[in-house]
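Have the sequence and the model at hand while reading.

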Amino acid sequence: MTDALLSEISRLSAEQVLLLSSDDSAFELFFNSLPDVKNRRALNDDIQRGNEELAAANLTMKSEIEKIKQDIADLSSVLEAQNHELQDKLHQQTQLKQRNSPEQLKQRLQEAVTQAEVTSDKTAEAFHEGKIDAKTFLTDYTEQRVLYHMRRAKLEHFDTNMAAGGLP
């Protein structure tokens, strides 16, 4: 720009140069007429128009952006709830696995076998002591012994399968 300015000034007469140096409005007119200044102003105007168009486009998308933000917030809430539900279910699964491990199942089955045996022994004792009649004894004792033997057979089957390395 300095070379172009010097070139423009060198074309002026001495009186014109004196006028430019003493009259601000004349200098401003001369300065604004320079091709480089005109080009810069046009470029600045183009940039400003472009920025205004971008700003207007952004403003037209504001409601869409707000809707998308709300959708994201809603989906985030749903995801958080589902994640919480998943964590609960995983915790429940872990508890069920622990509660239903082969060792726990065997222990509960052993307790059931023992309970069935104790119950049938108490019924036999009650009959020997004359606390129950023969008909009641036969009905109750038979049911209790069938239950005992079924549980005992399941426990043996369980042990056999576990010894073979399989699941019960």
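## Helix H7

H7 has 30 residues. Its first and last C-alpha atoms lie 42 Å apart, close to the 44 Å expected at 1.5 Å a residue. The expected span is 1.5 Å times one less than the number of residues. Helices here are DSSP runs of H or I with at least four residues, numbered from the N terminus.

The model is predicted: local features need pLDDT of at least 70, side-chain atom pairs count only at pLDDT 80 or more, and totals for chains, interfaces and linings use all residues. Residues are numbered from 1 along each chain as its sequence is written, and side-chain values use heavy atoms, with hydrogens and water left out.

Phe137, Gln144, Arg145, Tyr148, Leu155 and Phe158 of H7 are buried. Buried means under 20% relative accessible area, exposed means over 50%, and partly exposed is in between (1.4 Å probe, protein chains only). H6 is part of what covers these H7 residues.

## Helix H6 and its partner

H6 runs over residues 102-128. Its 27 residues should span 39 Å at 1.5 Å a residue, and the end C-alpha atoms are 39 Å apart, so the two values agree. Gly130 follows H6, with a positive phi near 80°.

The buried set in H6 is Leu109, Ala112, Val113, Ala116, Ser120, Thr123, Ala124 and Ala126. These residues pack against H7, which covers 134-163. An α-helix has 3.6 residues a turn, so residues three or four places apart point the same way.

How do the two axes meet? The axes of H6 and H7 come within 9 Å and cross at roughly 160°. H6 is therefore roughly antiparallel to H7. Axes are lines fitted to C-alpha atoms, for helices over the stretch in contact, and angles run from 0 to 180 degrees between N-to-C directions. Under 35 degrees counts as roughly parallel, over 145 as roughly antiparallel, 65 to 115 as roughly perpendicular, and the rest as oblique. The contact of H6 with H7 has 16 nonpolar, 5 polar and 8 charged residues. Ala, Val, Leu, Ile, Met, Phe, Trp, Tyr, Cys and Pro count as nonpolar; Asp, Glu, Lys and Arg as charged; the others, Gly among them, as polar.

## Pro102

Pro102 is found in H6. It is partly exposed, at 24% relative accessible area. Beyond its neighbours within four places in sequence, Pro102 is in contact with Phe158 and Met162. Contact means heavy atoms within 4.5 Å. Pro102 and Met162 are 60 residues apart in sequence, yet their C-alpha atoms are 8.4 Å apart.

H2 (residues 14-22) and H3 have axes that come within 5 Å and cross at roughly 110°. That makes H2 roughly perpendicular to H3. Leu19, Leu20 and Ser22 of H2 meet Asp24, Ala26, Phe27 and Phe30 of H3. By class, this contact has 5 nonpolar, 1 polar and 1 charged residues.

H3 packs on H4 (residues 35-60) at about 75°, with the axes 5 Å apart. These two helices are also roughly perpendicular to each other. Phe31, Asn32 and Ser33 of H3 touch Pro35, Val37, Lys38 and Arg41 of H4. The classes here are 3 nonpolar, 2 polar and 2 charged.

## Asn32

Asn32 sits in H3, residues 24-33. Its relative accessible area is 25%, so it is partly exposed. Leaving aside neighbours within four places in sequence, Asn32 is in contact with Val37, Lys38 and Arg41.
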